[in-house]
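Please keep the sequence and the coordinates in view while reading.

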Amino acid sequence: MKQQTNANPIVLVTGGSRGIGRATCLAFAKAGYDVAVNYAGNEAAAQETAQACHELNPDGKTAVYGADVADADAVDAMFKAVKADFGGLDVLVNNAGITRDNLIALTKPEDFDAVVATDLRGVFLCMKAASRIMMRQRYGRIINVSSVVGLRGNAGQVSYSAAKAGVVGMTKSLAKELGRRNITVNAVAPGYVQTDMTGALDDKQKAAASQNIPLNRLGTPEDIAGVIAFLASDAASYITGQVLPVDGGMAI
Ligand code: NAP
């Protein structure tokens, strides 16, 4: 979708079609941003997110971009299109992610590769493409979505925790690399958030899952989106290289 350059701040959210990414798109639309919504295969959901952004901020621009974040050519094409359509990029949210959970004995190497491709390589490719634009602007905010599992590990999630811990390392390294260019790089580490990824739980399952969470409830996509929007705001301009758990106290 072609858009015109304008004066609003611009955010690209990977995996903006559903869950935490969708809520993040809406949070930025509410804050007056133009919103570029990335998706992998679910174009209808991405269009619905874009429409919801438009309803929240009718003066803002939105566009959707189908691209597999693990595909270098697709990522380059997406960032070129965003730059051409919006005129720049102020904020990148690396949210796209998948799981292929299993005990290690049952984890196939190709499952490990698939998780690392999307959840780690995808973040690398998007940060690389965004940093090209942001370095020239001498301004940018990159917010990566890691996980409490990347900090603490979890049985049955060796692949996922490898990717999410890798995101933490990349966040800190790139913060050191880009700080002088006025670009901050931070991460959030959500706990247990109710989305398609975690599946539908009945009340009994939710109560059981909440037992190890000090705030005694599961997270909502909006709980995470608000913190991501904060990290992109002027109030967070002296924060970089940090990983902020947003987990109801789960990782304490
Ligand atoms: P979700 O509801 O399953 O949504 C995943 C999103 O990622 C969708 O928009 C999907 O696009 C997109 N996506 C998947 N693979 C992609 C690829 N290769 N290229 C581009 N987009 C891709 O997931 P979620 O729960 O909102 O999770 C969002 C992020 O938060 C992930 O990084 C996840 O690891 C992290 N996280 C989630 C939880 C949780 O409890 N839910 C906890 C900690 C961290 P399509 O709609 O096109 O498929």
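**Packing of α3 against α4**

Ala 72, Val 75, Asp 76, Phe 79 and Lys 83 of α3 meet Arg 121, Leu 125, Cys 126, Ala 129, Ala 130, Arg 132 and Ile 133 of α4, where contact means heavy atoms within 4.5 Å. The model is predicted, with local features requiring pLDDT of at least 70 and side-chain atom pairs counting only at pLDDT 80 or more, while totals for chains, interfaces and linings use all residues. Residues are numbered from 1 along each chain as its sequence is written, and side-chain values use heavy atoms, with hydrogens and water left out.

- By class, the contact of α3 with α4 has eight nonpolar, no polar and four charged residues, with Ala, Val, Leu, Ile, Met, Phe, Trp, Tyr, Cys and Pro counted as nonpolar, Asp, Glu, Lys and Arg as charged, and the others, Gly among them, as polar.
- Helix α3 (residues 72-86) packs with α4 at an angle of about 35°, their axes being 10 Å apart; axes are lines fitted to C-alpha atoms, for helices over the stretch in contact, and angles run from 0 to 180 degrees between N-to-C directions.
- The crossing of α3 and α4 is right-handed, that is, the near helix is turned clockwise from the far one by less than a right angle.

**Packing of α4 against α6**

- Helix α4 (residues 109-137) and helix α6 (residues 158-178) have axes 8 Å apart and pack at an angle of about 15°.
- That angle makes α4 roughly parallel to α6, a term for angles under 35 degrees.
- In this contact, α4 contributes residues including Phe 112, Leu 120, Phe 124 and Met 135, and α6 contributes residues including Tyr 160, Gly 166, Met 170 and Leu 178.
- The contact of α4 with α6 comprises 15 nonpolar, three polar and two charged residues, and α4 passes α6 in a right-handed crossing.

**Packing of α1 against α8**

- The axes of helix α1 (residues 19-30) and helix α8 (residues 221-232) come within 8 Å and cross at roughly 50°.
- This makes α1 oblique to α8, and the crossing is right-handed.
- Among the residues making the contact are Gly 19, Ile 20 and Phe 28 of α1, together with Pro 221, Glu 222 and Ile 228 of α8.
- The residues of this contact divide into 10 nonpolar, two polar and one charged.

**Ligand surroundings**

- The ligand is surrounded by 31 residues, of which the closest are Ser 17, Asn 95, Tyr 160, Val 193 and Thr 195.
- An oxygen atom of the ligand lies 3.1 Å from a backbone N or O atom of Gly 15, and a polar backbone atom of Gly 41 is 2.8 Å from an oxygen atom of the ligand.
- A polar backbone atom of Ala 67 is 3.5 Å from a nitrogen atom of the ligand.

**Gly 66 in β3**

- Gly 66 is found in strand β3 (residues 62-66), and, leaving aside neighbours within four places in sequence, Gly 66 is in contact with Asn 38 and Tyr 39.

Note on methods:
Helices (H or I, at least four residues) and strands (E, at least two) are DSSP runs, numbered from the N terminus. Angles under 35 degrees count as roughly parallel, over 145 as roughly antiparallel, 65 to 115 as roughly perpendicular and the rest as oblique. A residue is near a molecule or strand if one of its heavy atoms lies within 4 Å of it. A polar contact is a pair of N or O atoms within 3.5 Å; within protein, one must be able to donate a hydrogen and the other to accept it, and residues adjacent in sequence count only if both atoms are side-chain atoms.
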